[in-house]
Amino acid sequence: MNSIYDCYELNNGVRIPCIGFGTYRAADGEDGAVVKTAIEAGYRYFDTASFYGNERQIGKAIAMSQIAREEYFLTSKAWKTEMGYENIRNAFMESLERLETDYLDLYLIHWPLPEDGFAEWRQLDIESWRALEELYHEGKVRAVGVSNFLPYHIENLLKNCEVKPAVNQIEFHPGYTQEVTVRYCQEHDILVQAWSPMGRSKVLEEPVILKMAGRYGVTAAQICLRYALQRRVVPLPKSSTMERMKQNQDIFGFELGEEDMYILGTMPQAGWSGQHPEKFGR
Ligand code: A2P
């Protein structure tokens, strides 16, 4: 990978850029100014969700950019309250409408459970997935996947469904690398994507990362993003400034050594959001 426009191939052959722009709490305001700036900064891959409440602003910013829809890679997600066959189909169509487009590049189930301790999650996930499979077969979405799924949530889909998830988007950054889930996905040819690849900026203050950044002559943010890239994980960094948006794309001019990769992958837990799909157990 040599630039943010270089792509991985998903397990259905669709090409996906190696870095995207995360938009959670990042596209507030009527005019979607942050998204406009991100487009100017060169981002073409935008990750959103119905839950983020910013699909309209993103749709508007993209429409106003005068750049062809096919140049963009657009992801959205079905929220916990939108699970189930009928609900997801409706939620998907609403996302399309808000994003002012007639197809998505990727559509994900946002969380495996609608609420903690929900006993019937297996059936609900299968029903929800069936709707995604249909949308995929109808050509309304180019690839389908999941988010925040643990290996046993994915096993349930693999055992009972036809189309394999193309991606699993999880919290991933030095200090919280979810090794078991990453290994499972990579062994099953499911591309891992990282939300909060910098731990919502918390891990950027970790001395071990700052020291490493000094050694490589880069910033702590660039260490985190490069770490994801070298793990074959697609980082979805958020930023509100042009300078940082650009800095976050500038990660192709250095390579982390093997020892540093181990250091970043084994550092004590840091910057974890506290969000786990089954926080309080079963
Ligand atoms: P800002 O919007 O001021 O740039 P994550 O994507 O891991 O959730 O992290 C997002 C946070 O990281 C935001 O608060 C963002 O702040 C900050 N951030 C993004 N890029 C950088 C960077 N290159 N250097 C420092 N902070 C950054």
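## A walk through the model

Let's start at lysine 211, which counts as exposed at 68% relative accessibility. Here, buried means under 20% relative accessible area, exposed means over 50%, and partly exposed is in between (1.4 Å probe, protein chains only). Lysine 211 sits in helix 7. Helices (H or I, at least four residues) and strands (E, at least two) are DSSP runs, numbered from the N terminus. From lysine 211 to isoleucine 126 the C-alpha atoms are 46 Å apart in space, and the two residues are 85 apart in sequence.

Before going on, keep in mind that this is a predicted model, where local features need pLDDT of at least 70, side-chain atom pairs count only at pLDDT 80 or more, and totals for chains, interfaces and linings use all residues. Residues are numbered from 1 along each chain as its sequence is written, and side-chain values use heavy atoms, with hydrogens and water left out.

Two strands pair if DSSP finds at least two bridges between them. Strand 5 (residues 73-78) and strand 6, for instance, are paired in the parallel sense over four bridges.

Which way do the side chains of strand 6 (residues 106-109) point? Leu106 and Leu108 point one way, Tyr107 and Ile109 point the other way, and all are buried. In a regular strand the side chains alternate between the two faces of the sheet.

Further along, strand 7 (residues 144-147) runs parallel to strand 8 (residues 167-171), and two bridges join them. Valine 146 stands opposite asparagine 168 of strand 8. Is glutamine 169 buried or exposed? With a relative accessible area of 1%, glutamine 169 is buried. Its side chain makes a polar contact of 3.1 Å with the side chain of glutamine 193. A polar contact is a pair of N or O atoms within 3.5 Å; within protein, one must be able to donate a hydrogen and the other to accept it, and residues adjacent in sequence count only if both atoms are side-chain atoms. Not counting residues up to four places away in sequence, glutamine 169 touches several others, including Asp47, Lys77, Val146 and Trp195. Touching, or contact, means heavy atoms within 4.5 Å.

Threonine 48 is in the loop between strand 4 (45-47) and helix 2 (55-64), and it is buried, with a relative accessible area of 0%. The side chains of threonine 48 and asparagine 54 are joined by a polar contact of 2.6 Å. Leaving out residues up to four places away in sequence, threonine 48 touches, among others, Thr23, Ile58, Ser76 and Leu99.

Two other loop residues have a positive phi without being glycines. Aspartate 189 has a phi of about 60 degrees and belongs to the loop between helix 6 (179-187) and strand 9 (191-195). Serine 201 has a phi of about 75 degrees and lies in the loop between strand 9 and helix 7 (207-216). Aspartate 189 is partly exposed at 43% relative accessible area, and serine 201 is partly exposed too, at 39%.

Finally, let's visit the ligand. How many residues surround the ligand? There are 15, and the closest are Met198, Ser239, Ser240, Arg244 and Gln247; a residue is near a molecule if one of its heavy atoms lies within 4 Å of it. By class, this shell has five nonpolar, seven polar and three charged residues. Oxygen atoms of the ligand lie 2.8 Å from a backbone N or O atom of methionine 198, 2.8 Å from an N or O atom in the side chain of lysine 238, and 2.7 Å from a polar side-chain atom of serine 239. Taken alone the ligand exposes 570 Å², and the protein buries 81% of that.

Key: Areas by Shrake-Rupley, 256 points an atom, 1.4 Å probe, with all protein chains shown as cover. Nonpolar A, V, L, I, M, F, W, Y, C, P; charged D, E, K, R; others polar.
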